[in-house]
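Trainee: I would like to learn how to read a sheet, a helix face and a single residue. Can we work through an example?

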Amino acid sequence: MKKLIDYKYDLGNIERGYNSRTLYVNLTDLEIKEKEITDEMKDKLLGGRGFGLWYLWNSVTPETKWDDRENEIIISTGPIGGITQYPGAGKSTVVTLSPLTGIPIDSNVGGYFGPYLKFSGFDALEIQGKAEEDVVIFIDGNSGKVEIARSNIEEKDSHILAEKLTEIYAIDEEDKKNISVVSTGSAAEHSLMCMLNFSFYDVRRESTRLKQAGRGGTGTVFRNKRIQAIVVRYKGTKGNLNNPADQKKINKTGIKLHREIAELDDKQNKMREIGTANIIEVMDEYDLLPVHNFKFGRHKDTYKISSDVFKGMVRQNMPDGCWYGCSMSCAKAVDGFVPETGPYKGQKVIVDGPEYENAAGLGSNIGVFCPNGVLEMNFYCDTYGLDIISFATTTAFIMECYENSIIDKEITGGLELKFGNKNATLELLHQMANGEGFGKLAGLGVRRLKEIFVKEYGANTDFLWDIGMEQKGLEYSEYVSKESLAQQGGYGLTNKGPQHDEAWLIFMDMVNNQIPTFEDKAEALHYFPMLRTWFGLNGLCKLPWNDIAPADNHLTDEPAKIPEHVQNYVDLYNAVTGKNIDEDELIRQSERVYNLQRIFNIKMGYGKRIHDRTPYRSMGPVTEEEYLSRQERYDNQLKELLNYDVKGKSTAEKIKVLREYREEQYEKLTDAVYKRRGWTMDGVPSPEKLKELGMDWPELLEVVEKHI
């Protein structure tokens, strides 16, 4: 590789979780410099998503598009990030303007890069501009050197790039564990839905592994900037590198959770055995597993892709954490998998997962009940850089359009894209990676496909809006929300689009009936998105919060909150930073950043009530086939909730009445949530709310006051 520029910096020390500086790289000008992180940024924005949003806010205008030079990619951890005593503390967050949505996207990711960046001296990495040729950015956290070099590596896919760059930048075999690589794959040059892979070296497997910043097209922006990879090297990871205020409290809090995981995981979610795939059959049992583009919630063949099937395929008895000290060990992998198609046909590869989303999206939602098929698509999506959720939901939409004769073989180039056609799906996937055939079109995502199918092929606009499972331009993650009004809000009333990392309220709402009123639902849609936002501000994974629970959690006043674990996070934050927050202030910390992001959306021309509308399939049955699959349920709801006499009524008539009711319920929920969040009925944060939060910054008020 030919060095284009290098930069030397003083190593310094982290103090109470912060370096208090950012590394800024401008690829257009080949400029590298340090930027100060102010006390106000630390107090109001904390880190992670907060720092990313603020840097992006100050780099773009309302006219900026995702592929403009001004757009940035920011990677940041948070004050707690990098500790090794408490499970799930190795996360970082990627922020950029999304190619799919046109608004800021934040994506939480594991792997070693975030902590290594922090230990190298920086709380955030801010990249702007575009290189003239493919480049690799290298940060050596031990020598205090940053380098931008012209890449001479021809390979484009992540599993090869991560392996090769680890070899290049590691001093020796032992040093490989000190390297982390950020990359995407070949699809990122052709598709809007591509993601970033963050690597870590698995010393037991003697191979690099990948974790994904999956949502919103971060990888597409990355390749548009001509970045082939970012590499960080840091040797010397220890549990006290954050120089916390109270190391003993961190140790004590971590020991408590490690004990819970050791004693209770096998009785609860079996995360150490199969990871998030543990809920596949549970979702099927409760009619929540997406089947055939979210039409149905269960299928007779789900047992073929159940967690028990994948348990026999993933390597067991491995400490599969994606950061040091995480005893939850849910980063499962299938070793020695051999793809049957594509450029890596016949080669042994490692498949990261499957996660629940992978099995539900690449399995039931497109009708492929073949575990090997799921794993092969899982592998190729990862190495090609494709977001599995967006790929799966887009493919499911295409399949329903195909089966409704909106598109045909002539349009798809001969691909018979019917539900269950594994081979056609794999061919579509390879085409997307190469920018060829119908795959190039599919890579645009659901929102743009709807427009094209209407304009070019005469499709019905209303029908495509109803079945196209995207909102704000982001494809839905893999849960059926028809019978949970709160989860409909958990998808529709988000800032970035329908991703369950803000609120997963299905069981509270639908199964346990813990939030029966609009006010109850609104409170849940305030508290849980704020709590989950907080993890992404601090460098934390949400799984240790609620995928393991204390044995006596059911005896608490609010078991859904896992109050003992929330107190753990309060204790960790205070122990690292030396501050003295309580649970209420924890939520307020998130509110500040959450309102900033909402105003950012408004700045970019979105972020109002009209943009919080959702496709009707997320609320109820669109087609007669859907209604009839649950006829008894829907007929009873019409009779009991609306006193509607279903006798003699056609299915179409019943669908119409049910739809009017459910859409009205969603509007009432929206009113209640906006009120609870301190927003106007058009979804705009009020000046009073901003003042209450200490976020009445002039640049925020200027945007808000134009829309009130």
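Predicted model: local features only at pLDDT ≥ 70, side-chain atom pairs only at ≥ 80, totals over all residues.

Trainee: How many strands does the open sheet have, and in what order?

Mentor: Strands of a sheet pair through backbone hydrogen bonds, either parallel or antiparallel. Here the open sheet has seven strands in the order 1-9-8-13-10-11-12, and the pairing is mixed. Strand 1 (2-8) and strand 12 (207-213) are the edge strands, each pairing on one side only. On average, neighbouring strands are turned by 20° against each other, direction ignored.

Trainee: Which helix packs on the sheet?

Mentor: Helix 4 (residues 158-169) does, touching strands that include strand 8 (135-140) and strand 12; the direction of helix 4 makes about 125° with that of strand 12. Strand 12 also runs antiparallel to strand 11 (residues 196-202), joined by seven bridges. Across that pair, Phe-200 stands opposite Arg-209.

Trainee: Where do the buried residues of helix 28 fall, seen down its axis?

Mentor: An α-helix has 3.6 residues a turn, so residues three or four places apart point the same way. In helix 28 (residues 698-705) the buried residues are Leu-700, Leu-701, Val-703 and Val-704. They fall within an arc of 160°, so they line one face of the helix. Pro-698 and Glu-705, on the other side, are exposed. The cover over the buried residues includes helix 2 (48-57) and helix 23 (583-603).

Trainee: Is Asp-547 buried or exposed?

Mentor: Asp-547 counts as buried because its relative accessible area is 12%, and buried means under 20%. Asp-547 lies in the loop between helix 21 (543-546) and helix 22 (563-577). Beyond its neighbours within four places in sequence, its contacts include Gln-268, Met-328 and Lys-542.

Terms used:
Residues numbered from 1 in each chain as written. Heavy atoms only, no water. Helix = DSSP H or I, 4+ residues; strand = E, 2+ residues; numbered from the N terminus. Buried < 20%, exposed > 50% of the residue type's maximum accessible area, 1.4 Å probe, protein only. Contact = heavy atoms within 4.5 Å. Pairing = 2+ DSSP bridges. Axes fitted to C-alpha atoms, helices over the stretch in contact; angles between N-to-C directions. Arc of directions from axis to C-beta.
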